[in-house]
Amino acid sequence: MSDSLDRSTKINLLKEPVVKRLSEVLDKSTNKGWRKLGEIIVNERRFKVSSDDMEMCSLKVLELEGSPSRMLLRLMGERGCTTGHLFDYLQTLGNSEALQCLKQSALQILIQPQSVAVISGHNLRLSCNAVGKSPVQYQWFKAKDEVPNSFSPDLVISPVHLKDAGFYICRVNCGEAFEFSQWAQVDVLNVAVSSGQSYQSLGGRLKLVIQPQAQRLHVQENLQLECGAVGRPIPRYQWHRNGVPIPNATKRRLMIPNVAQDQHGRYRCEISSSTERMWTNEVDIVIVPRISVQISGAMECSEDDIYAIGGVSSELYLNSLPEQLYATDKVALLIGNLSYQNHPQLKAPMVDVYDLTNLLRQLNFQVVSLLDLTESEMRNAVDEFLSLLHKGVYGLLYYAGHGYENYGNSFMVPVDAPNPYRSANCLCVQSILKLMQERETGLNVFLLDMCRKRNIHDDSTPNVVLRVTANIVFGYATCQDAEAFELSSSGITNGVFVKFLKKRLLDDEKITVVLDRVAEDMGQFDATKGKQALEIRSSLSERRALTDPILPGDSADLARTLSRQWAKAHELPESMCLDFDCGAQIKLGFAAEFSNVLVIYTHIVKKPEDMSFCQAHVTDFSQELDVDPKEMNKETPEETGIYFLSRSLPQHCLYTRVSSLQKLREELEFTVCLQGTFPSMDDDPVHWTKSINIGKPLIARLDLHRAVRRNSCLQTCMMPHSPSHSPCHSPGPENHLHLHHGMHQAQDHSRLSPQHHYLGAVGGCGDSYCDNLGQSRYEPAYDSAAGLSSSSGRMSIPIEASDDINELQTVFINSLQLQQQ
């Protein structure tokens with residue numbers, strides 16, 4: 001390795017460009033890639049890489065930009081593997097392309113240009129610095145065109161103008177070798193700076209300089225909102241409407257052509273960098289119907305002009321328009337029960353609740369999403385849900401878990417229900433509907449993803465008298481006296497119902513039409529054809545849709561009060577920086593996966609120079625939360641069971657998932673422990689601790705652990721029967737598919753382990769799971785190839801991960817190839 005990196009260099013000290021190229025080569029290779037490399041290391045056992053570690057590496061394909069090879073190299077480096085060892089392994093593997101990645105390059109870029117946002121009229125400077133075995137030359141490009149007279153490491157444009165905005169890259173030559181820098185985006189903002197204002201000395205920090213403006217538009221007009229911040233690196237943008245992120249709205253300018261009336265609301269933009277976050281002002285966007293009036297067959301005017309037309313009755317024309325249906329508010333309660341104490345464990349409800357939460361928030365629903373509730377917790381959650389309802393509100397209840405149906409009444413089974421369970425241990429859906437009717441809701445939607453088999457242990461005949469209203473919709477995941485199924489694979493997947501529901505839920509159609517289309521889709525699914533079919537029951541007479549706009553009624557003050565009650569269940573603790581006596585600084589951050597699941601992460605912000613090792617972890621949680629110490633303080637979110645937030649959480653942290661927050665009776669207190677080592681102390685670890693109190697986060701504020709209130713759904717849901725301890729009924733062979741032995745035992749779903757695809761009943765009074773091996777395969781929710789890095793072409797140009805730059809890179813490479821020809 002005379003022309004390679006030093007053999008004694010630890011892998012975890014390799015420079016990022018080397019690791020990136022090596023990971024790309026090993027990821028794309030089939031016969032000589034990371035799996036074969038892992039097999040060599042596992043068999044040798046020198047660096048203690050286990051088969052479980054290899055499985056953890058394979059899960060990286062579930063991430064958008066995940067790399068199994070990078071994860072494997074990281075594990076090897078942590079366990080002492082050097083470049084020399086890796087070189088020998090790659091020689092054994094016979095991967096010459098990977099070996100070439102370890103060769104010492106004749107040219108190395110030390111300083112990469114950074115993307116930046118500046119104000120027109122100020123100075124722009126981009127820097128690129130490289131070293132080589134001989135003198136280096138520079139050439140800057142804007143997109144595919146050379147920048148004239150730009151042959152130095154620094155590209156300076158003084159002053160910068162709007163036309164200078166774009167993407168820049170630098171080519172560095174050293175003899176016959178050449179490298180390209182990473183792309184740098186330059187955003188130039190046209191801002192009028194008043195006297196006394198200056199944005200010259202920002203110190204790299206973000207500065208908000210353009211605020212969005214409120215607007216009043218007519219239907220079919222174009223909505224244009226603009227904001228802007230300056231700083232280095234260039235800010236990231238995410239627009240929100242009514243507190244919900246707008247999909248794909250990640251530019252400074254938000255443009256929505258041909259706006260519809262339901263797109264009105266309060267808009268604002270989140271602006272962030274790697275270290276900062278800020279918000280613009282929230283502005284009202286009012287969208288009104290465009291009403292045309294014909295006078296003598298020759299004149300048109302807008303609704304603003306109607307009142308100025310003499311002798312024309314505006315009321316006449318307004319009444320002739322099709323009626324626009326509104327909700328005074330939209331509220332949803334989503335419950336997913338997985339971890340049953342006395343019944344088979346489930347897996348899909350967690351995925352289903354998460355996906356529906358995100359979709360319903362896009363429809364402006366206020367959503368409370370909860371996992372694994374006991375009977376009393378479910379009753380109190382329903383009670384809180386009912387408290388948010390008032391006249392004209394659209395109320396939606398989704399439940400996934402075990403369930404049954406007797407005499408036309410559906411029962412949801414809590415996680416602590418005995419075996420066998422009866423109506424006294426469960427919640428009656430029709431009883432909840434009765435209480436919703438008392439609040440004069442505008443639309444009542446129940447989506448029940450559970451079995452509807454008869455429970456022979458429950459002979460009660462509840463007498464729930466419902467009012468005759470034309471606003472009720474039931475979507476049952478399966479037909480009466482039938483089972484609902486969840487399908488499992490090696491990844492995290494949806495249940496059958498939500499697999500198809502989530503593709504239709506955002507359609508601007510009457511809710512019954514949406515469910516009809518879901519039923520048609522399910523009917524074409526081979527895995528459950530003839531076993532599960534969606535059943536819809538409805539008394540809905542109007543064309544009410546989940547996409548209907550919100551127009552607060554006469555009870556606007558009440559609505560705001562109720563919204564504050566809902567907001568209590570979603571308040572996260574503020575992130576904080578902790579300073580320790582040794583000079584280290586730790587950032588403590590929080591995120592919400594569900595309304596009762598909190599994610600805590602710790603990050604080293606500053607480490608003393610004389611400290612050789614530094615790590616911060618959290619510990620000493622309340623026993624009420626039942627946090628397993630073995631699953632805390634993991635280096636990747638997936639290791640601790642955080643699958644849905646892994647892309648949005650900051651990197652290089654230790655992560656802990658705290659679930660069942662509804663059980664928290666007191667404020668949440670825990671300890672942050674800092675561990676450090678110093679060479680002067682023979683690397684013996686030294687510990688510092690800080691006690692942290694973050695109050696009651698998320699759903700803990702609502703005290704769902706309390707005794708059930710007397711005026712809650714208890715009085716209508718509960719039936720006068722005591723639980724029996726007889727063996728649970730199992731349906732006969734004529735009622736189910738072949739039993740899949742071994743599926744009855746409780747499974748640990750906090751880990752994803754490779755297993756056969758199987759078809760299992762979601763709920764019911766039976767314990768049967770249905771085997772579907774060899775008949776059909778269920779497609780996982782995530783593409784198994786997603787996130788694999790690919791080679792960036794023979795020129796190996798480092799790029800940022802954005803659609804703009806990906807497209808630009810293709811054009812740029814093609815232009816260079818044409819020049820070479």
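Author: Two strands are taken to pair if DSSP finds at least two bridges between them. Helices (H or I, at least four residues) and strands (E, at least two) are DSSP runs, numbered from the N terminus. This is a predicted model, in which local features need pLDDT of at least 70, side-chain atom pairs count only at pLDDT 80 or more, and totals for chains, interfaces and linings use all residues. Residues are numbered from 1 along each chain as its sequence is written, and side-chain values use heavy atoms, with hydrogens and water left out.

Reader: Which residue in S35 stands opposite Val 599?

Author: Strand S33 covers residues 597–606 and runs antiparallel to S35, to which five bridges join it. The residue in S35 opposite Val 599 is Arg 657.

Reader: Is Phe 446 buried or exposed, and what is its relative accessible area?

Author: Phe 446 lies in strand S27 (residues 443–449). Buried means under 20% relative accessible area, exposed over 50%, and partly exposed in between, with a 1.4 Å probe and protein chains only. Leaving out residues up to four places away in sequence, Phe 446 has contacts (heavy atoms within 4.5 Å) with Leu 397, Val 429, Ile 432, Leu 433, Met 436, Val 473, Phe 474 and Gly 475. Phe 446 is buried, because its relative accessible area is 0%.

Reader: How far apart in space are Phe 446 and Arg 537, C-alpha to C-alpha?

Author: In sequence, Phe 446 and Arg 537 are 91 residues apart. In space, their C-alpha to C-alpha distance is 9.8 Å.

Reader: How many salt bridges does a search of the whole structure find?

Author: Side chains of opposite charge can pair when their charged atoms come close. A salt bridge is counted when a side-chain nitrogen of Lys or Arg is within 4 Å of a carboxyl oxygen of Asp or Glu. Asp 187, Glu 226, Arg 252 and Arg 253 are linked in a network of such bridges. For the whole structure, the number of salt bridges found is 31.

Reader: How many residues apart in sequence are the parts that Glu 97 and Lys 28 tie together?

Author: The side chains of Glu 97 and Lys 28 meet in a salt bridge of 3.2 Å, N to O. Glu 97 belongs to helix H6 (residues 96–101) and Lys 28 to helix H1 (residues 16–28), so the pair ties together parts whose separation in sequence is 69 residues.

Reader: At what relative accessibility does Arg 701 count as partly exposed?

Author: Arg 701 forms a salt bridge with Glu 571 (3.1 Å, N to O). Glu 571 lies in the loop between helix H14 (556–568) and S31, and Arg 701 in the loop between strand S37 (686–693) and helix H15 (714–717), 130 residues apart. Glu 571 counts as partly exposed at 33% relative accessibility. Arg 701 counts as partly exposed because its value is 36%.

Reader: Which proline does a cis peptide bond join to Arg 232?

Author: Ser 158 and Pro 159 are joined by a cis peptide bond, with omega about -5 degrees. Arg 232 also takes part in a cis peptide bond, with omega about 5 degrees.

Reader: Is Asp 372 buried or exposed, and what is its relative accessible area?

Author: Asp 372 has a positive phi of about 55 degrees although it is not a glycine. Its place is in the loop between strand S22 (366–371) and helix H10 (375–387). Asp 372 is buried, because its relative accessible area is 18%.

Reader: How many disulfides does the count come to?

Author: A disulfide is a pair of cysteine sulfur atoms within 2.5 Å. Cys 81 counts as buried at 0% relative accessibility, and Cys 673 is buried with a relative accessible area of 9%. By the distance rule, the count of disulfides is zero.
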